[in-house]
Amino acid sequence: MTVTKIEEAGNTTPPEQLLADRGRRPEGSVVDVGGVRIGGREVIVIAGPCAVESREQINETARAVKRSGARMLRGGAFKPRTAPYSFQGLKHEGLQLLSQAKHKTGLPVVTEVMDTREVEAVCEHADVLQIGTRNMQSFELLQEVGRAAKPVLLKRGMSATIKELLYAAEYILKQGNQDVILCERGIRTFETATRNTLDLNAVPMLQRLTHLPVVVDPSHGTGKWWMVPIMAKGAVAVGADGLLVEVHNCPEEALSDGDQSLRPDRFEAMMRDLRGVALAVGREIASATQESLKEVVEAQPAYSNA
Ligand code: PEP
Ligand code: MN
């Protein structure tokens, strides 16, 4: 009986070196999401609304971010809201709408999963499973996504240390899923002027400690749309492998996180600025698509005919 109990509890002897340890892969890991590689030379920008709200909203936003060079689409279908009276997301209908937006734009989709019972359904539509800050230590959920065949974007708990984030990643890796992307999204401090304190220290520290790619979310990290492009530049400068940015086709009408969501034109401007920063640190960011160049030319016939 005792043996059975120990077996059920699983292997709890820590390895000499954690699976996440940089020493296991000094060159760093690259997570491949349908051909989009996070952890290589390219800084991957993942953009889209906080929550999927309607077909029109997700399609318009997806088209806009793709035009500006985003390589993946984000959007929450299951929303972990602080108050139970706030918009909770379109849930399964939201997943369907994300799939449609993916098929229209070709952008892989990142979306949150909050419950072990929904992992299978979310896997049918998502290319990357997001674990939100509030669930960074939901150990059953971590283990369930650790058994899934989809990459995981693991957000740092709002009061979690770097060590706790790495142990959370370890729960996923230990189940066999090696495709884990870490996300710094701001931590809770005594400061109230910003929604969170974006801990850019975490980027070089994580890159020293682990081989896993690190992305930064300047939207939740600041809570203010006008700070997002500024802190995004900082994140690229300190070596982030990617950015997670909230963009809404009409932020004033957003059902969640409108204050920290960029309008598409501001996202476009941010992307232009980021390319220079990326070049300065030996990285690159995808160019605006041909479609966008064509639209610019069509909007300015005097130039195209010149
Ligand atoms: C989100 O990405 O919209 C989100 C809910 O993020 P976090 O878990 O970091 O608050
Ligand atoms: Mn949000």
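Q: How do you know that the span of helix α10 agrees with its number of residues?
A: In this predicted model, helix α10 covers residues 264-280. At 1.5 Å a residue, its 17 residues should span 24 Å. The end C-alpha atoms are 25 Å apart, which agrees.

Q: Which residues of α10 are buried?
A: They are Pro264, Phe267, Met270, Met271 and Leu274. An α-helix has 3.6 residues a turn, so residues three or four places apart point the same way.

Q: What makes the phi of Lys91 worth a look?
A: Lys91 is not a glycine, yet its phi is positive, about 55 degrees. Most residues other than glycine have a negative phi. Lys91 sits in the loop between β4 (72-74) and α3 (92-105).

Q: Why is Lys91 called partly exposed?
A: Lys91 has 15 other C-beta atoms within 10 Å. A buried residue needs 20 or more, and an exposed one has 12 or fewer. The count for Lys91 falls in between, so Lys91 is partly exposed.

Q: Where does Asp257 lie, and what is its phi?
A: Asp257 is in the loop between β10 and α10. Its phi is positive, near 55 degrees, in a residue other than glycine.

Q: Why is Asp257 called buried?
A: Asp257 has 20 other C-beta atoms within 10 Å. The cut-off is 20 or more, so Asp257 is buried.

Q: How do you know that Ala168 is buried?
A: Ala168 has 24 other C-beta atoms within 10 Å. The cut-off is 20 or more, so Ala168 counts as buried. This residue lies in helix α6 (residues 162-174).

Q: Which residues does Ala168 contact, leaving aside neighbours within four places in sequence?
A: Ala168 is in contact with Met136, Gln137, Leu142 and Leu154. Gln143 is 25 residues from Ala168 along the chain, and their C-alpha atoms are separated by 9.4 Å.

Q: Which residues have the most contacts inside the largest nonpolar core?
A: They are Val45, Leu154, Ala169, Ile181, Leu182, Leu243 and Val245. This core has 81 residues. Its largest share, seven residues, comes from α6.

Q: What does Ile181 contact beyond four places in sequence?
A: Its partners are Val31, Ile38, Pro151, Leu153, Leu154, Leu212, Pro213 and Val215.

Conventions. Residues are numbered from 1 along each chain as its sequence is written. Chains are lettered from A and ligands numbered from 1 in the order in which they are written. This is a predicted model: local features need pLDDT of at least 70, side-chain atom pairs count only at pLDDT 80 or more; totals for chains, interfaces and linings use all residues. Helices (H or I, at least four residues) and strands (E, at least two) are DSSP runs, numbered from the N terminus. The expected span of a helix is 1.5 Å times one less than its number of residues. Two residues are in contact if their C-beta atoms, placed from the backbone, lie within 7 Å. A nonpolar core is a set of buried Ala, Val, Leu, Ile, Met, Phe, Trp, Tyr and Cys residues joined through C-beta atoms within 7 Å.
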